[in-house]
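Please read them with the coordinates open beside you.

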Amino acid sequence: MSQAEKSRSVPLREIAHARAGDKGNISSVALFVFDPRHYEAVRAQVTPQRLRAAFGGVLRGEIARYELERLHGFNFVMTEALEGGVNSSLNLDSHGKSWSYLLLSLEVEVEV
Amino acid sequence: MSRPLRIGTGAGFSADRLDPAVDLVARGALDYIVFECLGERTLAFAHRDRLRDPEQGYNKLLETRFRALLPLCADNGTRVITNMGAANPRAAALRTLEVAGALGLKHCKVACVEGDDVTARIDGDTELPELGTTVGKLGQSLVAANAYIGADALLPALAAGADVVIAGRVADPSLFLAPLRHAFGWREDDWQKMGAGTAVGHLLECAAQVTGGYFADPGIKPVENLAYVGFPIAEVAPDGAAVITKLPDTGGCVTLHTVKEQLLYEIHDPARYFTPDVVADFSTTRLSEDGPDRVRVTGAGGRPRPEALKVTLAFDGGSLAEAEVSCAGPGARNRARLAGEIVRERMTHLHGYGGALRIDLIGVSALHGTAVERPVDTEDVRLRAALRSLRDEDAELLLWEVESLLCCGPAGGGGFRGHITPSVVTHSAYLPREQVQTRVEMFEA
């Protein structure tokens, strides 16, 4: 089988769920896979580098990723990611509550 | 106490619903109900209220909540702990006494916890480490400063038999750790217990966010009867192991998924969650299903508490001006875009406004617009313009410019709305904990 037949591309939202929080100008997004079998694929593909490349317009600072294998999840902590923070941002969503779905809009390759 | 302690959440933010709290006290056989109602901005605005009127500065729903709940709490032996005191816990406690008196509740003991307001300790030399500067060099007008105080500040009130404990800037999970320490006699340096109790508090502090609120995504994460989502209950054993659940016949759900999302909510390093009580470690937490709408939580740990307390300083942030107008039908996107260009041109070049000006096309690129603009085919677009300024005239000018589009802008624009809201900016400082002295005052109706 070719690579294309062994894996398929899916929106992250179909295999994972997420919630965003804020503290000052730091956004944190916790991301969990529904099925533990997808943990490795997400770990390999949803990296800080990828987030910076995809969303550099808003995720302007450092991105740290904490791996929580026992919870089948990850915590992304992103500095300078809220356009100044809830009290300074001019974004309608000044808390960055919708950043969870920014991450979930990524596509990932999973094994069929 | 050897049986599990039953703690419920009555509010997870300042404007949270009342009916789930009433239901919890009526049917939940609760030992305690906790109302967590304070955020950085909420507290700053409460300080402004207090500056205008010394009798104000506490949560605006306090009376509404207590009129509905205090009789039920008295009937069911449920004690209340809250940070609804905000910038004025004493006024909140006195108002609570009046409410209790008017309801005919005899011998209702109300405790007021103070000492978190450290505004007097802040001066020009106070460092703001996250900004790498000092309050003096920042040059902004300080509204107030509050230290995050811990569970220990509440313990004397519980020991004195308070039915209602009213505080200000207690750290959110500490509101829940306090009754656990009081009931089980946990020592303040039993770091594992402090961590376990903090995990329970963290899971409960946002109320419905652990019972299916803020979770539903139709087709992916369905939640039943979300309109009547129940608020959470924790059944906590003397060793700190807990079950998170909710009342039967309420909406929402308690699952591994809802509990995981809340466990890491607004956490940075899951192995080092700093509170006034402990540096909690949630990375070792174990979750397991314990029947329908029941999730068992064990394994959280902790290390010695930080020596310094975090302080939130609020500064005057001027005014936030937001003005909107809509376009719909064929060409809506381009007409709205043109409207935005006109506003930017006139604000910048005609009026000489030099600050940040945000232009969003709601429906096309607004919330995620700064990060990514996706091609969409929409014929219903709302232009939003926003700025923040210390000068009221800038705010008023923006509203005028957007409203004037109704005759001078692109075709078919309608539905103008504009509003100006006062704004605060918050920054963090740290104080040695011995400089923050808390005190409890008891009142009886």
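1. Arg391(B) is partly exposed, with a relative accessible area of 45%, and this is a predicted model, so that value, like the others below, is computed from predicted coordinates. The partner of Arg391(B) is Glu393(B), with which Arg391(B) forms a salt bridge whose closest N and O atoms are 3.6 Å apart. Glu393(B) is partly exposed as well, with a relative accessible area of 45%.

2. Another salt bridge in chain B joins Asp290(B) to Arg294(B), with 3.1 Å between the closest N and O atoms. Asp290(B) has a relative accessible area of 35% and is therefore partly exposed, while Arg294(B), at 23% relative accessibility, also counts as partly exposed.

3. Over all chains the structure holds 36 salt bridges. One of them brings together the side chains of Asp31(B) and Arg3(B), at 2.6 Å from N to O. This pair links distant parts of the chain, since Asp31(B) lies in the loop between α1 (19–27) and β2 (32–35) of chain B, whereas Arg3(B) belongs to the segment before β1 (5–11) of chain B, 28 residues apart. Which of the terms buried, partly exposed or exposed applies to Asp31(B)? With a relative accessibility of 13%, Asp31(B) counts as buried, because the limit for that term is under 20%. Arg3(B), in contrast, is partly exposed, with a relative accessible area of 41%.

4. Turning to the contact between the chains, 49 residues of chain B are in contact with 43 residues of chain A. Together the two chains bury about 4,000 Å² between them, with 55% of it on carbon and sulfur atoms. Lys260(B), His268(B) and Leu367(B) supply 16% of the area that chain B buries against chain A, which is more than any other three residues.

5. How many salt bridges does the rule find across the interface of chain B and chain A? The rule finds 3 salt bridges there, and between Arg19(A) and Glu261(B) a salt bridge forms with the closest N and O atoms 3.0 Å apart. The count of residue pairs in polar contact between chain B and chain A is 21, with both residues at pLDDT 80 or more. The elements that give two or more residues to the side of chain B that touches chain A include α2 (40–52), α9 and β13 (286–289) of chain B, and α9(B) gives the most, with 5 residues. A network of salt bridges links Glu83(A) with Glu322(B), Arg358(B), Asp360(B) and Arg384(B).

6. Lys97(A) lies over the face of Tyr214(B), at 5.5 Å from the ring centre. In the other case the charged end of Lys221(B) sits over the ring of Phe215(B), 4.1 Å from its centre.

7. A search of the whole structure finds 4 aromatic pairs over all chains. In one of these pairs, the rings of Tyr39(A) and Phe74(A) have centres 4.7 Å apart and planes at 10°, so the pair is stacked. The pair links distant parts of the chain, with Tyr39(A) in helix α3 (residues 39–45) of chain A and Phe74(A) in strand β5 (residues 73–78) of chain A, 35 residues apart. Tyr39(A) is buried, with a relative accessible area of 4%, and Phe74(A), at 1% relative accessibility, counts as buried too. Phe74(A) also pairs with Phe76(A) in a tilted arrangement, 6.5 Å centre to centre with 35° between the planes. Phe76(A) is buried, as is Phe74(A), and Tyr39(A), Phe74(A) and Phe76(A) form one aromatic cluster.

8. Two loop residues are worth checking as well. Thr250(B), in the loop between β10 (242–246) and α9 (256–263) of chain B, counts as buried at 14% relative accessibility, and a polar atom of its side chain lies 2.7 Å from the backbone oxygen of Leu247(B). Not counting residues up to four places away in sequence, Thr250(B) touches Asp23(B), Arg27(B), Asn225(B), Tyr228(B) and Gly230(B). Arg37(A), in the loop between β3 (26–33) and α3 of chain A, is exposed, with a relative accessible area of 71%, and its side chain makes a polar contact with the side chain of Asp35(A) (2.7 Å).

Key
Residues are numbered from 1 along each chain as its sequence is written. Chains are lettered from A and ligands numbered from 1 in the order in which they are written. This is a predicted model: local features need pLDDT of at least 70, side-chain atom pairs count only at pLDDT 80 or more; totals for chains, interfaces and linings use all residues. Side-chain values use heavy atoms; hydrogens and water are left out. Rings of Phe, Tyr and Trp (its six-membered ring) pair if their centres lie within 6.5 Å; planes under 30 degrees apart count as stacked, over 60 as edge-to-face and the rest as tilted. Helices (H or I, at least four residues) and strands (E, at least two) are DSSP runs, numbered from the N terminus. Buried means under 20% relative accessible area, exposed over 50%, partly exposed in between (1.4 Å probe, protein chains only). A charge sits over a ring if NZ of Lys or CZ of Arg is within 6 Å of the ring centre and within 35 degrees of the ring normal. A polar contact is a pair of N or O atoms within 3.5 Å; within protein, one must be able to donate a hydrogen and the other to accept it, and residues adjacent in sequence count only if both atoms are side-chain atoms. Contact means heavy atoms within 4.5 Å. Buried area is the accessible area (1.4 Å probe) that two parts lose on being put together, summed over both. A salt bridge is a side-chain nitrogen of Lys or Arg within 4 Å of a carboxyl oxygen of Asp or Glu.
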